[in-house]
Amino acid sequence: MRASFRLPAATVRQVLCCALVVGAAFALGPAAAADNPAARIPFVGCPADGQMGPQAAPKKGAVPSLPPALAAKAAGRLAYYAAAEEAGGIGSFAPKGWHCFVLYGSNGSQLLVTANAVASPDLIKAAQHIEGPALQLAWLDGDTSGRFEVAKVAARLFPVAKDYVQGVIDEGLSDKSNFIWGPYPTDTVVRHSPTSVDFVTPAGRKGIGTDTHLSPGPLPIVGSALLFPDDDMALRELVMRLPPDRADLGPVIQATFRPE
């Protein structure tokens, strides 16, 4: 999945921001820190680049709340990574101590969190072919230039969006061969509803997990995708390639990704 770097659609961005995690985001004070494990999850600001140019990493921000059971599992092992509002305000939990940056445009916003330090000061170049452990969260707008990426994912994962995908194909602005109906043959797909799925792309294989900035590698890619037909066919997609000692954090991060 590759970004076109233009101004994000504010309306869809706000809808997705509000739906990002279980529970509302709030700033935790000293009293809460004493008895809430989530208070020990640090906030990490991420630099961004896109249509309006580079955006500095925010120095502070709110960490979304976690249900107690998830907070207990994550204590001391997760951080919350997020961009400035000017770059879409996109954010996600990911393993603590990693590195992050954001790409944003009229198609939406994409957050990249990597175990290895960012390889280039040019963030657009740094996003190419990420081979190590990493997490990518994408917010894609289905009624802007993001519709081409949304339609590609929807053709693979969401039969409910067949008419939408066909409409994008019928525009004739993208080669019809870019839109393949049905999942990759080696992917495992678990459907929670017509608009919510989990998937796994096996190690070394091409699949939904590698139709992103993550290249095939020696570890599997675990992901989730949510489609919002009532919000101009917006798409949220999370993919993770976690090392074995962090693999148990995957279900925690996925749980915060899905709305209640």
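Me: Which residue in strand 7 stands opposite aspartate 49?

Reply: The residue opposite aspartate 49 is leucine 103 of strand 7. This is a predicted model, in which local features need pLDDT of at least 70 and side-chain atom pairs count only at pLDDT 80 or more, while totals for chains, interfaces and linings use all residues. Residues are numbered from 1 along each chain as its sequence is written, and side-chain values use heavy atoms, with hydrogens and water left out.

Me: In which sense do strand 3 and strand 7 pair, parallel or antiparallel?

Reply: In general, the strands of a sheet pair through backbone hydrogen bonds, and the pairing is either parallel or antiparallel. In this model, strand 3 and strand 7 are paired in the parallel sense, over three bridges (two strands pair if DSSP finds at least two bridges between them).

Me: How many residues lie in the hairpin that joins strand 7 to strand 8?

Reply: The hairpin from strand 7 to strand 8 passes through two residues. Strand 7 and strand 8 (residues 108–114) are joined by seven bridges in the antiparallel sense, and within this pairing valine 102 stands opposite leucine 111 of strand 8.

Me: Why is strand 7 described as largely enclosed?

Reply: Strand 7 (residues 99–105) has seven residues, of which six are buried, so the rest of the structure largely encloses it (buried means under 20% relative accessible area, exposed over 50%, and partly exposed in between, with a 1.4 Å probe and protein chains only). Over the whole chain of 260 residues, 52% are buried.

Me: What is the order of the strands in the open sheet?

Reply: The open sheet has eight strands in the order 3-7-8-9-13-12-11-10, and its pairing is mixed. Its edges are strand 3 (48–50) and strand 10 (188–193), each of which pairs on one side only. From one strand to the next, the twist averages 15°. Elsewhere in that order, strand 11 (residues 196–201) and strand 12 (residues 221–228) run antiparallel and are joined by six bridges, with aspartate 198 having serine 224 of strand 12 as its bridge partner.

Me: How many helices and strands does the chain have?

Reply: The chain has seven helices and 13 strands (helices are DSSP runs of H or I with at least four residues, strands are runs of E with at least two, and both are numbered from the N terminus).

Me: At what angle do the axes of helix 5 and helix 6 cross?

Reply: Two packed helices are described by the angle between their axes and the distance between the axes. In this model, helix 5 (residues 147–157) and helix 6 (residues 162–170) have axes that come within 9 Å and cross at roughly 135°, which means that helix 5 is oblique to helix 6. Axes are lines fitted to C-alpha atoms, for helices over the stretch in contact, with angles from 0 to 180 degrees between N-to-C directions; under 35 degrees counts as roughly parallel, over 145 as roughly antiparallel, 65 to 115 as roughly perpendicular and the rest as oblique.

Me: Which residues make the contact between helix 5 and helix 6?

Reply: From helix 5 the contact uses Arg147, Phe148, Val150, Ala151, Ala154 and Ala155, and from helix 6 it uses Tyr164, Val165 and Val168 (contact means heavy atoms within 4.5 Å).

Me: Which strands does helix 5 lie across?

Reply: Helix 5 lies across strand 9 (134–140), strand 10, strand 11, strand 12 and strand 13 (234–241), and it runs at about 75° to strand 13. Helix 7 (residues 250–257) lies across strand 9, strand 11, strand 12 and strand 13, running at about 170° to strand 13. Helix 7 is mostly covered, with six of its eight residues buried, among them Val252, Ile253 and Phe257.

Me: Is histidine 129 buried or exposed?

Reply: Histidine 129, with 53% relative accessibility, counts as exposed, and its place is the loop between helix 4 (123–126) and strand 9. Although histidine 129 is not a glycine, it has a positive phi of about 55°. Methionine 233, which is not a glycine either, has a positive phi of about 60°; it sits in the loop between strand 12 and strand 13, and at 12% relative accessibility methionine 233 counts as buried.
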